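This report describes one protein model, from individual sites to the overall fold. The sequence and structure come first.

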Amino acid sequence: MKRNTWQREAVREALTSTEGFISAQGLHLSLHETGSPIGLATVYRALADLAAEGDADSLQSPDGESLYRACTTGHHHHLICRNCGLTVEIEADAVEQWAQAAAASHGFTQAQHVVDVFGLCANCSRPA
Ligand SMILES: [Zn+2]
Ligand SMILES: [Zn+2]
Ligand SMILES: [Zn+2]
């Protein structure tokens, strides 16, 4: 069942205009700053819905926070700067082949995987 409320559209728009991955709290804050009355619980729910339907990517940050981003469609991986949040979408053919082979060698079918790389981007790696 698809609920297309204005809250959800507002969350989708805010997410689309955000460059990198963002937490529900971060998105709620930026919505709040533009004068939107949307509550945090609604933002959480809308983000979970968008992710469940494939309209947003979600991942866990190294400290366990759920982060969301409106990505391109199709399977891909992410490079994420843990300092500034810069996100690069990457393809990783070697990972695809390895994951398939590793699953198959143990008799697994319909294997899926999530591989995201956290680090410091070129800018943030530069000495100040
Ligand atoms: Zn993505
Ligand atoms: Zn950075
Ligand atoms: Zn992959």
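## The annotated site

With 14 C-beta neighbours inside 10 Å, His113 counts as partly exposed; a residue is buried if 20 or more other C-beta atoms lie within 10 Å of its own, exposed if 12 or fewer, and partly exposed in between, with C-beta atoms placed from the backbone. This is a predicted model, in which local features need pLDDT of at least 70 and side-chain atom pairs count only at pLDDT 80 or more, while totals for chains, interfaces and linings use all residues. Residues are numbered from 1 along each chain as its sequence is written, and chains are lettered from A and ligands numbered from 1 in the order in which they are written.

His113 lies in the loop between α4 (93-105) and β6 (116-119). Helices (H or I, at least four residues) and strands (E, at least two) are DSSP runs, numbered from the N terminus. An unreviewed UniProt entry places the feature "binding site" at His75, Glu96 and His113. These residues span 39 residues in sequence, yet no two of their C-alpha atoms are more than 9.9 Å apart, so they gather at one spot. UniProt positions are given in the numbering used here, feature names are shortened, and annotations may be inferred rather than shown by experiment.

His75 sits in the loop between β3 and β4 (77-81). His75 is exposed, because 9 other C-beta atoms lie within 10 Å.

## The loop between α4 and β6

Gln110 also belongs to the loop between α4 and β6. Its phi is positive, about 50°, although Gln110 is not a glycine. Gln110 counts as exposed because 5 other C-beta atoms lie within 10 Å.

## The hairpin

β4 and strand β5 (residues 87-90) pair in the antiparallel sense over four bridges; two strands pair if DSSP finds at least two bridges between them. Leu79 is placed opposite Val88 in β5. Five residues separate β4 and β5 in this hairpin, and Gly85 in the turn has a positive phi of about 85°.

## The three-stranded sheet

Three strands make an open sheet in the order β1-β3-β2, with antiparallel pairing. β1 (22-23) and β2 (57-60) stand at the edges, each with a single partner strand, so one side of each is left without a neighbour in the sheet. The antiparallel pairing of β1 with β3 runs over two bridges, and Ser23 stands opposite Leu67 in β3.

Strand β3 also holds Tyr68. Tyr68 is buried, because 25 C-beta neighbours lie inside 10 Å. Not counting residues up to four places away in sequence, Tyr68 touches Leu15, Phe21, Ile22, Leu47, Ala51, Ala56 and Ser58; two residues are in contact if their C-beta atoms, placed from the backbone, lie within 7 Å. Between Tyr68 and Leu50, 18 residues apart along the chain, the C-alpha separation is 9.3 Å.

## Helix α1

Helix α1 (residues 6-16) has the buried residues Arg8, Val11, Ala14 and Leu15. They cover an arc of only 125° around the axis, which puts them on the same side of α1; the arc is that of the directions from the helix axis to the C-beta atoms. An α-helix has 3.6 residues a turn, so residues three or four places apart point the same way.

The buried residues of α1 pack against α2 (24-33), α3 (40-52) and β3 (66-69). On the face turned away from the buried side are the exposed residues Trp6, Glu9 and Thr16.

## Domains and overall fold

The protein has five helices and six strands, which follow the pattern α-β-α-α-β-β-β-β-α-β-α along the sequence. Its C-alpha trace spans about 50 × 50 × 25 Å along the principal axes. Of the 128 residues, 16% are buried. Among contacts with a separation of 6 or more, 50% join residues 24 or more positions apart.

Two domains are assigned, domain 1 (6-69) and domain 2 (77-125), with bounds from an automatic or database domain assignment. Their centres, taken over C-alpha atoms, are 22 Å apart. Six residues from domain 1 and nine residues from domain 2 take part in the contact. On the side of domain 1 that touches domain 2, three residues are nonpolar, one is polar and two are charged. Here Ala, Val, Leu, Ile, Met, Phe, Trp, Tyr, Cys and Pro count as nonpolar, Asp, Glu, Lys and Arg as charged, and the others, Gly among them, as polar.
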